Amino acid sequence: MADKSSYFSGQLVYAVRQGFQNIIRSPLMSLIVVSTMVISLSTLGFLLLVVSDLNLISSELATQLKIVVFLEDQQDIDRMGADIENLPGVQAPVIKISREEALDTMLKDLSDLKDVLKENNPFPATIEVAVTEIARMEAVGEE
């Protein structure tokens, strides 16, 4: 065992000594090699950082995806909300937005259209549905 460790330490000392001798003999070539390695490793590090950020952003956007269900006037929003919450893959609670809440939200955003929108509420009641897994989005949407 002692022979192997002394062999490897001798090899390491020899490699370091040869490296320094080569740097002294040809400093321009050493500078080019070191510069190339720094540029390559910096580029690799930058690309890994970009990929990591893109993965984080895509996972964050995937959790924000929702299905919006528009209800007809005669449909009961509470009953439909309860039925939708019972579907497999739906993340409870669903967000129920009545016609009046939708109108109030729109009036806050577009106050210029206040006169037009107050006379006739064109917005339907909606239910916003989030899914537990992004892969279940299509199946939940069809149901």
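Analyst: Contact here means heavy atoms within 4.5 Å. The model is predicted, so local features need pLDDT of at least 70 and side-chain atom pairs count only at pLDDT 80 or more, while totals for chains, interfaces and linings use all residues. Residues are numbered from 1 along each chain as its sequence is written, and side-chain values use heavy atoms, with hydrogens and water left out.

Strand β3 covers residues 126-131 and includes Thr126; helices (H or I, at least four residues) and strands (E, at least two) are DSSP runs numbered from the N terminus. Thr126 is buried, at a relative accessible area of 9%. Buried means under 20% relative accessible area, exposed over 50%, and partly exposed in between (1.4 Å probe, protein chains only). Leaving aside residues up to four places away in sequence, Thr126 is in contact with Val68, Val69, Phe70, Ile77, Ile95, Lys96 and Ile97.

A salt bridge requires a side-chain nitrogen of Lys or Arg within 4 Å of a carboxyl oxygen of Asp or Glu, and by this rule the count is 1. The partners are Lys66 and Glu128, whose closest N and O atoms are 4.0 Å apart. This pair links distant parts of the chain, 62 residues apart: Lys66 belongs to the loop between α2 and β1 (67-70), and Glu128 to strand β3. Glu128 is partly exposed, with a relative accessible area of 23%, and Lys66 also counts as partly exposed, at 40%.
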